[in-house]
Structure formats: C-alpha cells, structure tokens
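Here are my notes on this model, written as numbered points so that you can check each against the coordinates.

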Amino acid sequence: MYLPHRTWPDLGEYVAEESLAIVPVGSTEQHGPHLPEGTDHMIAEALAREASERTGYLCTPPITVGVSPHHRQFHGTMWVDAPVFRDYVENLSRNLTYHGIDRIVYVNAHGGNVPHLREVGRRLHEDEVAFACEWMWDESIPELIEEVFETPGPHGGPKETAMIMHVARKLVREDRLEAARDGGVQAVADEQPSVEGARVFYDAIEVTDNGVLGDQTDATPEVGEELFEAATGALIRLLEWLDDRPFAHLMPEPHVEPRPGSRR
Ligand SMILES: [Zn+2]
C-alpha cells in the first residue's frame, strides 16, 4: 500500500489492522559520471515499494535528500545538516504514530544517513512511542555482493550501477562505465588516508577524483535483478519479524533492581 496513491478511508482500514510503516530514505548526490544523482533514493524507493506491494504493508513517500555534505564539491549534490535531518525524520515518524503506527523500518540506501537514522530510532525507543530501525539494503546481502563483484566499492560502484540498471536502466550512462572505473578508485582500503589509526579525510573528493569507487564494468541488469530480489526477500523477512513482535517486547528494559527511589 503506497500512501501517496491511497485515500484517507483506505488508510483508516489499514491502521485498524496494522501498525507498521516502511519509510524509504536516500539522498540526492553525485554518483560519478555514469549514475544519476537520485541513485540512492531511487534504490530505496524501489525496494520499499516492492516489499510493500508483496506484503501489503504501508509505504510512505521517500525522503529524497539526506546527509551528504561529503559529496558537496561535485555539481548537483544536495544535503541538509545532520541535526536538521534527524529532527525532520523524527518529527515525521512521530506524526505517523499519531495515526496508529508503532513500528517503522527506514529502508535506507545512503551510508551517510546511517548513524542519524539510528539516533532517531533511539530517541523514539527511549520515549516508548515507536520502534524504528534502519535497514541498509547492501548490508542485508553481504555474501551475495562479495560473490558477484570483485571490487564492489562503497559508492557509485558496480552494486549501485547494477541496481539502477535494474530499476531505471535509461538513466545509466553505459557509455561511461569504463571512464568511471578508470577515473575513480577500485578498492577503498588502498586510498583512505589514515595516520596512526586516525581517519584524516572528510570528503569523497579527497579519495576519488571522479567521485566513485569500484569497477562499474562488472555491473549488468541481470546481476542488478539478482541483488534486488535478494534484498527484497531480506526486507520482507525483517518486516514480518517486526510485525510479529508484541509491542512491549520492542520497548526498553526497565532499570535493574533496586529501582531508583523504590525505598524512599
Ligand atoms: Zn549511493
């Protein structure tokens, strides 16, 4: 059930029986010379809507701009500052709880959003208003990614290229795959400046000239479909697990005994 396509009576029927919502979260930022700036939010929305379609769970509109200041030197990158992002996501999540939602999965496709979505989940958990967790698609299928690509690359590499070939093929500049590989960096570990254990870089441009990592020429639409299917399966299992949990089991444990103030 995709919220923007439904009427309020439809949504009333939904929350009479269900309390779970899927919120797609991505970014709008450079993804090299070959992939569109909307790569992350398009992947997140495609996975979220597919899982929603197959299960009937509610999917909200996507959050399309995230925490991406580390890509700002490249044209077109949009971002909001981390505290603004956290407050925005927290606020719209609390608004969902007003309608009866008490569990949320943030279907995420941008690494820069991870700690902030975790923080929002923690705030909602501490206040016992909802259980919200962050799910990053590629972290749900690490073995498959290792198996199909030699140099997966964390950004603009073959895994994202294959996924966009599957969900929006016309938007991939396939004539630029070799240039993307040759002008970028293959393995992130070789290039990340680290001094005595300290990470001494902040922006992508310090690591890769054209903004990408990995060998994009390994990407095909068929591999993209395989990744998409596997990640959708993992997401559906997470949604079903979350739906099955009693709400009380999702809430924080009480303080250990003796409870503060109990003998006052
Ligand atoms: Zn990305």
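1. **Two helices in contact.** Lys159, Ala162, Met163, Met165, His166 and Val167 in α6 meet Pro221, Val223, Gly224, Glu225, Leu227 and Phe228 in α9, where contact means heavy atoms within 4.5 Å. The residues of this contact divide into eight nonpolar, two polar and two charged. In that sorting, Ala, Val, Leu, Ile, Met, Phe, Trp, Tyr, Cys and Pro count as nonpolar, Asp, Glu, Lys and Arg as charged, and the others, Gly among them, as polar. Helices (H or I, at least four residues) and strands (E, at least two) are DSSP runs, numbered from the N terminus.

2. **What you are looking at.** This is a predicted model, in which local features need pLDDT of at least 70 and side-chain atom pairs count only at pLDDT 80 or more, while totals for chains, interfaces and linings use all residues. Residues are numbered from 1 along each chain as its sequence is written, and side-chain values use heavy atoms, with hydrogens and water left out.

3. **The angle between them.** Two packed helices are described by the angle between their axes and the distance between the axes. Here the axes of α6 and α9 come within 7 Å and cross at roughly 95 degrees. The axes are lines fitted to C-alpha atoms, for helices over the stretch in contact, with angles running from 0 to 180 degrees between N-to-C directions. The two helices α6 and α9 are therefore roughly perpendicular to each other; angles under 35 degrees count as roughly parallel, over 145 as roughly antiparallel, 65 to 115 as roughly perpendicular and the rest as oblique.

4. **How enclosed is α6?** Eight of the 10 residues of α6 are buried, so this helix is largely enclosed by the rest of the structure. Buried means under 20% relative accessible area, exposed over 50%, and partly exposed in between (1.4 Å probe, protein chains only). The buried residues are Pro158, Lys159, Glu160, Thr161, Ala162, Met163, Ile164 and Met165. Their cover includes α2, α5 (142-148), α7 (177-183) and α9.

5. **The zinc site.** Which residues hold the zinc ion? His31 (NE2), Asp40 (OD) and Glu160 (OE) coordinate the zinc ion at 2.0 to 2.1 Å. Donors are N, O and S atoms within 2.8 Å of the metal (3.2 Å for Na, K and Ca), and water is not among the atoms, so sites may look incomplete. The donor residues are spaced H-x8-D-x119-E in sequence. The pair of Asp40 in helix α2 (residues 39-55) and Glu160 in helix α6 (residues 158-167) links distant parts of the chain, 120 residues apart. Both Asp40 and Glu160 are buried.

6. Thr220 lies in the loop between β6 (198-199) and α9 (221-244). This threonine is partly exposed, with a relative accessible area of 27%. Leaving aside neighbours within four places in sequence, Thr220 is in contact with Ala162 and Met165.

7. Glu50 is placed in helix α2 and counts as partly exposed at 26% relative accessibility. Not counting residues up to four places away in sequence, Glu50 touches Phe228 and Thr232.

8. **Cysteines.** A disulfide is a pair of cysteine sulfur atoms within 2.5 Å, and by this rule the count comes to zero. Cys59 is in no disulfide, and the nearest cysteine sulfur, that of Cys133, is 15 Å away. That separation is too far for a bond. Cys59 is buried at a relative accessible area of 0%, and Cys133 also counts as buried, at 17%.

9. **Backbone spots to check by eye.** Most residues other than glycine have a negative phi, and most peptide bonds are trans. Glu128, in the loop between α4 (114-126) and β4 (131-136), has a positive phi near 60 degrees and is partly exposed at 46%. Glu196 has a positive phi of about 50 degrees; this residue is found in the loop between β5 (194-195) and β6 and counts as exposed at 83% relative accessibility. The peptide bond from Glu257 to Pro258 is cis, with omega near -10 degrees, and Pro258 sits in the segment after α10 (247-250).
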